[in-house]
2 protein chains.
Amino acid sequence: MAQADKIKIIARISSVFSEKFGIPRQSGLAGNISRIIFEEEFRNPDALRGIEGYSHLWLIWKFSESERETWSPTVRPPRLGGNERMGVFATRSPFRPNPLGLSSVELVGVEKTDMGHTLLVKGADLLDGTPIYDIKPYLAFTDSHDDAVGGFSDAKLSYSLKVDFPKELEALFCPADAAVIHELLAQDPRPAYIDDAERIFGLAFGGRQIKFIVFGDTLTVIAVE
Amino acid sequence: MAQADKIKIIARISSVFSEKFGIPRQSGLAGNISRIIFEEEFRNPDALRGIEGYSHLWLIWKFSESERETWSPTVRPPRLGGNERMGVFATRSPFRPNPLGLSSVELVGVEKTDMGHTLLVKGADLLDGTPIYDIKPYLAFTDSHDDAVGGFSDAKLSYSLKVDFPKELEALFCPADAAVIHELLAQDPRPAYIDDAERIFGLAFGGRQIKFIVFGDTLTVIAVE
């Protein structure tokens, strides 16, 4: 058996994503704002001293919905249509030997609340309540590689849907949330392996369900519940 | 007490850095080649299928020399001269609530050995034998932020030493290693808090000790043992 170590949950995220379905497939793909709330043991404003000098942060977090007892060497990435198998270390799939997620987010600010000092971040692809193990500053000189070649995940990035979001439904949200919902829907939040033109899909967002259908390359919002 | 989770060691790195002292302060700062050797349980070539399509990888690893029972909310980053205290989450310091390291490396190749399929990577800032928890592809569209503002760590990056490496000592290394040693020395591997012009320092590299002194902005190699 492989040697195991213990890591502590230092914080949790509070986000608009209450369901796995519909979360952007990577960070930075939508402009949603989330809040990082520290666990009591780590609720110390000194630990954040100087963090406002950074525009971006790294989060190392737990794929809490994806824990498995065993691991599989290959996975089927949704970006490839869900039919092709890739090595798990060649993907960012949640189903990996250790359920560790890695996301860069924009730091919007530090805010004092009745749960201590919290971090407001933009673009996180984390489910509401996700445990966080570490927060680090993003250092462009070592972390940024604009010229990095991205293997198969480059291929399907440009694909997006036209979004038809009727004004009267859009008006149920504040303008910032409506813009984020547009971004999420344009990225086609349907599971890759479902190809059923008859089906009504639902995107959970901030406690609401946004119901939509897709025909061809157009997604139409039909109800908000 | 904070909730704790278990994570498994999936691999270890084999690198030229046998001592903490002298390791580049971040990944990518020197062109040294390291080898990632999977633990037996994770030694499966299928898990690497497709990885050669990527130029860069992320390693999430263990600061195995920096484990502590308790955590301190502030640290003294060497880049600031070791005298100023910063919040631990505003630094990449090894002394953090969870000893997790994050490094991007260049993928040089996949190589079959008698310890299974291994990954050759360039620029890793990991001590020889460091345990690795996860390996992920670097995805430029979500991971690269050239415009990220880097807080205080931007400030001291341009600083480097002139290196005087006598030809007869340099000739003890193959040209590729000699070039890496030049890069490591130019980055001033002395501990930030030691300011002792009389002192002889040693850099461990691939089982050898490179002895040097520093006067002003010039580092002179005086012996290789």
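The expected span of a helix is 1.5 Å times one less than its number of residues. I also note that helices (H or I, at least four residues) and strands (E, at least two) are DSSP runs, numbered from the N terminus.

**Ground rules.** This is a predicted model, where local features need pLDDT of at least 70, side-chain atom pairs count only at pLDDT 80 or more, and totals for chains, interfaces and linings use all residues. Residues are numbered from 1 along each chain as its sequence is written, chains are lettered from A and ligands numbered from 1 in the order in which they are written, and side-chain values use heavy atoms, with hydrogens and water left out.

**Entry 1: helix 3 of chain A.** I looked up residues 175-186, which form this twelve-residue helix. From first C-alpha to last, helix 3 of chain A reaches 17 Å, close to the expected 16 Å. Next I checked burial (buried is under 20% relative accessible area, exposed over 50%, partly exposed in between; 1.4 Å probe, protein chains only). Buried residues of this helix include Ala178(A), Ile181(A) and Leu185(A). What do the buried residues of helix 3 pack against? I found strands 10, 11, 12 and 13 and helix 2, in chain A. Just after the helix, I noted that Asp188(A) has a positive phi of about 60 degrees.

**Entry 2: strand 9 of chain B.** I turned to residues 131-137. Seven of the seven are buried, so strand 9 is largely enclosed by the rest of the structure. I then looked for its partners (two strands pair if DSSP finds at least two bridges between them). Strand 2 of chain B pairs with strand 9 in the antiparallel sense over two bridges. There, Arg12(B) stands opposite Pro131(B). Strand 4 of chain B is also an antiparallel partner of strand 9, over five bridges. In that pairing I find Leu57(B) opposite Pro137(B).

**Entry 3: where chains A and B meet.** I looked up contacts (heavy atoms within 4.5 Å). 74 residues of chain B touch 74 residues of chain A.

One salt bridge joins Asp134(B) and Arg96(A), at 2.9 Å, N to O.

How values were computed
Salt bridge = Lys/Arg side-chain N within 4 Å of Asp/Glu carboxyl O.
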